[in-house]
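The following paragraphs lead through one structure, beginning with the chain as a whole and ending with a single residue.

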Amino acid sequence: MAAQNILADWVSYSLRTAVFAAAWLVTVWWIERVARTVPRRAKAWSRGGIVAAFVLTLTVVLPWLNHSAQTSPNT
């Protein structure tokens, strides 16, 4: 949030998005790597859950936040 107020051009937005995506992918990779024993189909369920959460965020949460930001007054 602080970076959003300081850096407002499209280059910084792209850079923040790339850093966030890289951190997210590294976290997913690390979680799958440190698991010692994995039940059958657990990796598929894990990846499916991550994809479902991502899609839900893009299709429900972000539009709702955008709408609420546009309709609420600035304070």
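Of the 75 residues in the chain, 3% are buried.

Since this is a predicted model, the confidence assigned to it deserves attention before the details are read. The mean pLDDT of the chain is 79, with 84% of its residues reaching 70 or more. Among the elements, helix 1, which covers residues 2–6, has the lowest mean pLDDT, at 56, whereas helix 3 has the highest, at 85.

As for the secondary structure, the chain holds three helices and zero strands, and the order of its elements, followed from the N terminus, is α-α-α.

Helix 3 runs over residues 42–71 and contains 30 residues, and the distance from its first C-alpha to its last is 42 Å, which is close to the 44 Å expected at 1.5 Å a residue. Along its course, helix 3 also bends, by about 40°, at T57.

Is A42 buried, partly exposed or exposed? Because its relative accessible area is 24%, A42 counts as partly exposed, given that the buried class is limited to values under 20% and the exposed class to values over 50%.

Terms used
Residues are numbered from 1 along each chain as its sequence is written. This is a predicted model: local features need pLDDT of at least 70, side-chain atom pairs count only at pLDDT 80 or more; totals for chains, interfaces and linings use all residues. Side-chain values use heavy atoms; hydrogens and water are left out. Helices (H or I, at least four residues) and strands (E, at least two) are DSSP runs, numbered from the N terminus. Buried means under 20% relative accessible area, exposed over 50%, partly exposed in between (1.4 Å probe, protein chains only). The expected span of a helix is 1.5 Å times one less than its number of residues. The bend at a residue is the angle between axes fitted to the seven residues ending there and the seven starting there. pLDDT is the predictor's confidence in each residue, from 0 to 100.
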